[in-house]
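This report examines core packing, helix faces, strand pairing and backbone geometry. Please consult the sequence and coordinates below alongside the text.

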Amino acid sequence: MPGLENFLVLGFNEAIQVVLLGFIGGVLSGFIGSGGAFFMTPGMMNLGVPGVIAVGSNITHKFGKALMGSRRHGELGHVDKKLGLFMLITALIGIRVAVWLNATLFHMKGDGHGAESGSAAGDLYISAIFVFVLSIVSISILGDAIRTREKGEGPSTKLAEFFSRIKIPPMILFKTADVKLSFWIIAVVGLFTGYLAGTIGVGGFIGVPAMIYIFGIPTAVAAGTELYLAMFMGAWGAINYAWGGFVDIRLVFLLYCGSLTGIYIGAYGTKVVKERIIRLVTGIIILLCVISRGVNIPVYLNQLGFIDMTGNTDIALNTISKAILFASGISGVIVILYSVFRAYSKRRKVQEVLRSIGA
Amino acid sequence: MSVITISRGTFTGGQELASHLAKKLGYQYMSREDLSEQAIKLGVPVGKLQTSMVKPPRVYRRLGRERDQYLACITMILCEKILEGDIVYLGHTGHMLLPGIPNILRIRVLADSEFRINSVIQRLNLNREKAKEYIRDVDADRDKWVKFLYGIDWYDPFNYDLVINLDQTGTENAATALCAMAELPDFKLSPASVKAINNLYLSGKTHFALLTDPRTSFADVKVTANNGVVQVTYLPQQAEVAPYVKEVLSKVSGVKEIHTTIAQSNVLFIQDKFSPGLEILNSVIKVAKKWDAAVELMSMTSSAAPSAPEDSSPGDYRRAQHEIVTSGEENGGIEDDTAADVKIDEELSKCLDELRKRGCSGGSSNFYGDAENLLSTLQRRTNYSMVVIGDIYTNKGTATKTRLKAEMKNLLSDNLNIPIVETSELEEQFKFGYKQVFKLLITFALALAFFLAVFTYQREILIFLSGEKFHHLRILAVLFVLIITPLFAYNYGSSMRQILRLFRLD
């Protein structure tokens with residue numbers, strides 16, 4: 001059971017940094033349409049928050065936002081509630097497994113340097129999963145952005161066609177998504193989505209593409225269903241992490257202070273920036289987040305005694321990691337804000353022209 | 001008055017059916033080739049457009065202006081022909097040239113591939129492989145052409161009232177069946193439809209005039225016409241076109257008034273009727289001003305949309321609509337405007353005057369039909385930044401009206417990539433008034449209270465949440481997190497949204 005020593009000592013500087021993390025994560029989240037955990041979780045870890053508390057606080061933060069977003073999709077009819085509920089059955093198991101693993105590793109003591117906090121094993125595990133999953137995600141996004149597709153050409157249906165041939169009973173018809181799927185395929189996808197949401201807080205990066213490419217359902221329905229699912233997964237994740245005492249409510253509030261401002265600015269950005277640029281910016285930022293987390297892995301290996309680092313190498317690596325993370329986030333946000341304010345000032349100029357000619 | 005449009009693949013026998021049907025019914029016959037020929041005479045580069053179809057999409061997508069010119073021209077010619085009398089038109093989804101006009105009989109002709117191949121072999125003297133290749137290429141070109149012009153899939157049977165396979169039916173039988181169908185009241189143009197065709201004719205004619213005059217052809221103009229009043233909207237960066245618009249249009253016959261507006265896009269406001277002093281119009285104008293858009297008023301004839309009984313078919317529904325629209329058609333289909341119609345037009349004109357005074361008139365249009373017709377109409381038009389659904393289906397009970405409005409909103413939201421809002425939501429979503437200031441203050445105060453409480457008692461809260469001392473109260477700790485988090489998120493998020501709205505960053 002973690003004591004108060006596991007919670008970050010929050011001075012003004014730390015609080016501002018968490019708000020900044022939330023703001024950058026929020027702008028990116030509004031711009032990309034994901035939860036922003038890929039930036040906020042490693043950012044908090046770089047500030048010294050143990051991985052399990054960073055994930056627990058982030059998943060709680062995500063739960064509140066998902067609660068607000070899913071209503072809108074529900075109104076638009078983009079949610080296949082039946083599919084969401086079927087995926088939820090195994091997603092909840094996935095989350096429980098993830099929380100159990102994170103909590104168990106958190107309590108494992110390393111033998112190396114600086115392992116007194118006891119979070120090195122958990123941090124290493126979270127970082128490794130983060131690097132593995134988000135490397136694939138960022139490369140796919142970048143590949144997609146670079147490949148020029150014909151307008152109107154939808155996502156590839158090859159995988160969906162393959163999986164639709166797997167007819168292991170029971171087969172279930174989902175009317176909103178207009179697909180008939182084997183329960184077992186849904187169960188496996190749900191399990192992985194839940195596991196990743198519980199481990200690193202980025203279930204949507206896996207859930208949405210899986211629904212599009214494996215289930216073959218329309219993109220809008222996939223995004224809406226994922227948001228619906230995220231509400232329950234977030235709640236379940238929050239319950240599990242809160243039960244273990246791994247939610248720092250102060251971090252959640254500070255993240256909201258930044259993210260709920262940033263998310264609207266990011267969402268405005270999607271109206272004024274070309275989709276290809278959005279994908280490129282997203283891909284590059286996620287890749288830089290992956291590199292930043294990767295740089296920190298030797299620090300955790302050192303703490304666990306797997307490698308031996310001399311001098312202040314671990315401090316230097318942590319600083320480099322932090323610098324890459326903030327540089328990627330800040331430069332991404334600058335690109336987005338620049339586009340937003342350019343569009344905003346252009347609109348003001350047009351209004352002035354209209355006024356000047358008395359229209 | 002009747003309009004029958006026939007679409008067909010190459011060598012399906014559609015051409016023979018169309019000409020035979022026109023003869024049997026005593027209607028005029030017109031084909032797409034006739035339209036193109038007349039368009040060429042008027043200077044439209046039809047050949048350039050058609051040959052671009054065989055090139056990669058990036059080549060023909062550049063020909064947007066030529067496409068607009070072609071569409072304006074053939075709309076004008078077709079409407080002119082329709083206004084002369086009953087017609088059978090043979091072309092690729094010709095009914096798409098008459099968006100939002102109901103009671104057109106839309107036919108698609110099919111034939112078995114063997115029938116088509118044999119026809120090509122006999123008539124073009126090609127071998128079997130070449131004939132197959134010919135049919136495939138011509139169909140693919142037509143498919144691309146229809147997508148380029150109207151953005152629809154011409155193979156989709158939902159675009160037609162009837163799909164006929166001539167392979168077994170034969171031309172004579174099909175023509176006989178279609179003659180009977182054409183006599184149904186559902187497929188006779190109502191006076192309201194004729195009025196809409198007149199408006200479409202004038203907007204096509206004026207748009208074509210602007211697109212062919214060298215002084216105005218470069219501008220991205222949007223033209224609407226209603227009872228001789230023409231509204232032209234153009235972009236602020238093309239302001240130099242302004243003096244020439246009136247000069248060019250003053251020479252076009254049928255134009256009574258010309259109005260121009262500068263705008264980046266249009267906000268479409270749909271209501272059954274518009275009356276001067278309409279309070280919600282002010283909110284729509286404010287939103288439009290904020291977005292540098294013009295406001296287009298669309299009058300929806302809700303009297304033409306009676307409730308469909310639960311056990312009725314869509315056909316019954318259309319018939320019921322038609323009966324209302326065509327009531328009093330004993331005068332030969334020509335109906336004088338009633339006193340009520342004149343009053344509605346006057347009130348609409350006053351609303352348009354108000355828009356003009358405020359510098360954001362996007363013109364007016366009439367719409368007759370259901371939500372699906374509206375969608376196909378809007379899909380053909382471009383440059384809308386928002387659709388505002390006002391008081392429509394006013395002749396319905398509250399429950400039916402709410403359901404029909406929600407259905408229309410969902411249909412448009414699912415298919416158009418722009419905000420679709422009801423007037424009740426407009427103030428909530430886009431306006432910043434006293435109500436919003438009050439909401440901002442309340443939500444911000446609540447968020448601040450939560451924030452201060454958590455940070456003032458952070459040590460105690462963390463001890464409670466960590467479960468170290470209060471192990472037995474863990475369930476309360478979980479409930480605390482689950483309740484306090486969304487409450488703070490909602491209040492803080494709402495206040496931030498209001499603040500950004502204040503700075504017009506929503």
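Beyond its neighbours within four places in sequence, Ala242(A) is in contact (C-beta atoms, placed from the backbone, within 7 Å) with Val247(A), Leu465(B), Ala477(B), Val478(B) and Val481(B). A second, separate core of 110 residues includes Ile74(B), Tyr150(B), Leu297(B) and Phe367(B). A nonpolar core is here a set of buried Ala, Val, Leu, Ile, Met, Phe, Trp, Tyr and Cys residues joined through C-beta atoms within 7 Å. A residue is buried if 20 or more other C-beta atoms lie within 10 Å of its own, exposed if 12 or fewer, and partly exposed in between, with C-beta atoms placed from the backbone.

The largest nonpolar core has 115 residues, of which Ala238(A), Ala242(A), Val247(A) and Tyr256(A) touch the most other members. Helix α9 (residues 219-243) of chain A supplies the largest share of this core, 15 residues. In soluble globular proteins, nonpolar side chains tend to be buried together.

## Basis of the model

The model is predicted: local features require pLDDT of at least 70, side-chain atom pairs count only at pLDDT 80 or more, and totals for chains, interfaces and linings use all residues. Residues are numbered from 1 along each chain as its sequence is written, while chains are lettered from A and ligands numbered from 1 in the order in which they are written.

## Chain B overall

Chain B contains 20 helices and 13 strands; helices (H or I, at least four residues) and strands (E, at least two) are DSSP runs, numbered from the N terminus. Of its 506 residues, 39% count as buried. Among contacts in chain B with a separation of 6 or more, 77% link residues 24 or more positions apart.

At 1.5 Å a residue, the twelve residues of α1(B) should span 16 Å, and the end C-alpha atoms are 16 Å apart, which agrees; the expected span is 1.5 Å times one less than the number of residues. The buried residues of α1(B) are Gly14(B), Leu17(B), Ala18(B), Leu21(B) and Ala22(B). They cover an arc of only 130° around the axis, which puts them on the same side of α1(B); the arc is that of the directions from the helix axis to the C-beta atoms. Their packing partners in chain B are β1, β2 (28-31), β3 (87-90), β4 (105-110), α8 (166-169) and α9 (171-182). Just after α1(B), Gly26(B) has a positive phi of about 75°.

In helix α19 (residues 458-466) of chain B, the buried residues are Leu462(B), Leu465(B) and Ser466(B). Seen down the axis of α19(B), they fall within an arc of 95°, so they line one face of the helix. Gly467(B), which follows α19(B), has a positive phi near 75°.

## Strand pairing around β3 of chain B

β1(B) and β3(B) run parallel and are joined by four bridges; strands pair if DSSP finds at least two bridges between them. Ile87(B) in β3(B) is the bridge partner of Val3(B). β2(B) also pairs with β3(B) in the parallel sense, over four bridges, and Tyr29(B) has Val88(B) of β3(B) as its bridge partner.

Ile87(B) and Tyr89(B) point one way from β3(B), Val88(B) and Leu90(B) the other way, and all are buried. In a regular strand the side chains alternate between the two faces of the sheet.

Phe11(B), a residue other than glycine, has a positive phi near 55°. Phe11(B) is located in the loop between β1 (3-8) and α1 (14-25) of chain B and counts as buried, with 24 C-beta neighbours inside 10 Å.

Asn125(B), also a residue other than glycine, has a positive phi near 55°. Asn125(B) occupies the loop between α6 (113-124) and α7 (128-150) of chain B and counts as exposed, with 9 C-beta neighbours inside 10 Å.

Definitions and conventions. Contact = placed C-beta atoms within 7 Å.
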